Amino acid sequence: MTPVVVVFARVPRLGVGKRRLARRIGDRAALRFARGELARLLAELRLLRGFERIVALTPDHHARFAMRGFGRIGPKRIGQGRGDLGARMGRVFRHYRRRPVIIIGSDIPGIAREDLRRAAHALRGAQAVFGPAVDGGYWLIGVSGRRPADPFGGVRWSSEDTLADTLRNFRHHRVAMLRTLADADTAIPSPARFGTRA
């Protein structure tokens with residue numbers, strides 16, 4: 001089956017999103033970073049063959065419109081819906097119940113289409129795949145085949161325990177790991193921290 005890759009993104013707007021990063025580097029610099037990373041990631045997706053490509057946007061009403069500066073967005077656009085991150089990702093997994101699904105964030109410098117190919121390959125032998133983040137979270141999660149009834153139950157989001165909490169929900173499943181990447185919640189990672197091997 002054709003795997004589905006879904007980019008979770010907040011529509012880049014001044015003063016919206018990346019608030020912790022904005023407190024460190026300023027609103028305009030945070031906006032430039034968010035727009036630049038989303039544009040770079042969409043360019044990677046345009047070159048990705050053999051996948052269905054989707055961008056899940058928040059706030060939802062922006063999913064119906066082309067974002068300013070991203071007229072040729074390429075992938076299908078949907079809204080993320082309500083709830084915390086686990087509720088929104090769980091909704092995507094349930095929608096594509098019978099297909100491999102890979103969800104990635106839009107604010108991780110260093111994500112490349114080769115990472116998505118590795119994730120899809122891992123799902124041929126595993127039931128879940130994770131891309132760990134340096135801060136204890138993860139920049140990618142993929143599922144295929146048998147899945148936990150509640151994959152995100154009890155997860156402490158935006159904490160050093162996020163990955164560990166999620167892995168507990170997958171303890172009866174075969175899990176694969178990709179390389180570790182640094183996210184940009186409070187600072188823009190230097191190129192030396194973009195990627196390490198898990």
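Author: Gladly! Let's start with one definition: a salt bridge is a side-chain nitrogen of Lys or Arg within 4 Å of a carboxyl oxygen of Asp or Glu. Keep in mind that this is a predicted model. By that rule, the structure holds nine salt bridges.

Reader: What makes arginine 40 and glutamate 37 a salt bridge?

Author: Set the distance against the cut-off. The closest N and O atoms of arginine 40 and glutamate 37 are 3.2 Å apart, and the limit is within 4 Å, so the pair counts as a salt bridge. Both residues belong to helix α2 (residues 27-46), where being three residues apart separates them by about one helical turn.

Reader: Why is glutamate 37 called buried, and why is arginine 40 called partly exposed?

Author: Buried means under 20% relative accessible area, exposed means over 50%, and partly exposed is in between. Glutamate 37 has a relative accessible area of 11%, so this residue is buried. Arginine 40 has 27%, which falls in between, so the label is partly exposed.

Reader: How do you know that glutamate 114 and arginine 117 meet in a salt bridge?

Author: The same cut-off answers this: their N to O distance is 3.3 Å, and the rule asks for within 4 Å. These two residues lie three apart in helix α4 (residues 113-122), which means about one helical turn separates them. Glutamate 114 has 35% relative accessibility, so it is partly exposed. Arginine 117, with a relative accessible area of 33%, is partly exposed too.

Reader: Why do such side chains pair at all?

Author: Side chains of opposite charge can pair when their charged atoms come close.

Reader: What makes aspartate 165 and arginine 168 a salt bridge?

Author: Their closest N and O atoms are 2.2 Å apart, so the pair meets the condition of within 4 Å. Helix α5 (residues 162-169) holds both of them, three residues apart and separated by about one helical turn. Salt bridges that share partners join Arg156, Asp161, Asp165 and Arg168 into one network.

Reader: Which residues of α5 are buried, and how do you know that they line one face of the helix?

Author: The buried residues are Thr162, Leu163, Asp165 and Thr166. Looking down the axis of α5, you would find these buried residues within an arc of 160 degrees, so they line one face of the helix. Their cover includes β5 (128-132) and β6 (138-143).

Reader: What makes phenylalanine 130 and tyrosine 138 an edge-to-face pair?

Author: Two values matter here. Rings pair if their centres lie within 6.5 Å, and planes over 60 degrees apart count as edge-to-face. There are five aromatic pairs by this rule. For phenylalanine 130 and tyrosine 138, the ring centres are 5.3 Å apart and the planes stand at 85 degrees, so the pair is edge-to-face. Phenylalanine 130 and tyrosine 138 are both buried.

Reader: Why is the pair of phenylalanine 152 and tryptophan 157 called tilted?

Author: Planes under 30 degrees apart count as stacked, over 60 as edge-to-face and the rest as tilted. The ring centres of phenylalanine 152 and tryptophan 157 are 5.8 Å apart and the planes are at 45 degrees, so the pair is tilted. Phenylalanine 152 is buried at 9% relative accessibility, whereas tryptophan 157 is partly exposed at 22%. Both belong to one aromatic cluster formed by Phe93, Phe130, Tyr138, Phe152, Trp157 and Phe170.

Reader: Why is threonine 58 counted as buried, and what does threonine 58 touch?

Author: Its relative accessibility is 15%, and buried means under 20%, so threonine 58 is buried. Threonine 58 lies in strand β2 (residues 52-58). Leaving aside residues up to four places away in sequence, threonine 58 touches Ala9, Arg10, Val11 and Gln80.

Reader: How many helices and strands does the protein chain have, and what share of its residues count as buried?

Author: The protein chain has five helices and seven strands. From the N terminus on, its elements run β-α-α-β-β-α-β-α-β-β-α-β. Of its 198 residues, 49% count as buried.

Definitions and conventions:
Residues numbered from 1 in each chain as written. Predicted model: local features only at pLDDT ≥ 70, side-chain atom pairs only at ≥ 80, totals over all residues. Heavy atoms only, no water. Helix = DSSP H or I, 4+ residues; strand = E, 2+ residues; numbered from the N terminus. Buried < 20%, exposed > 50% of the residue type's maximum accessible area, 1.4 Å probe, protein only. Arc of directions from axis to C-beta. Contact = heavy atoms within 4.5 Å. Phe/Tyr/Trp six-rings, centres within 6.5 Å; stacked < 30°, edge-to-face > 60°.
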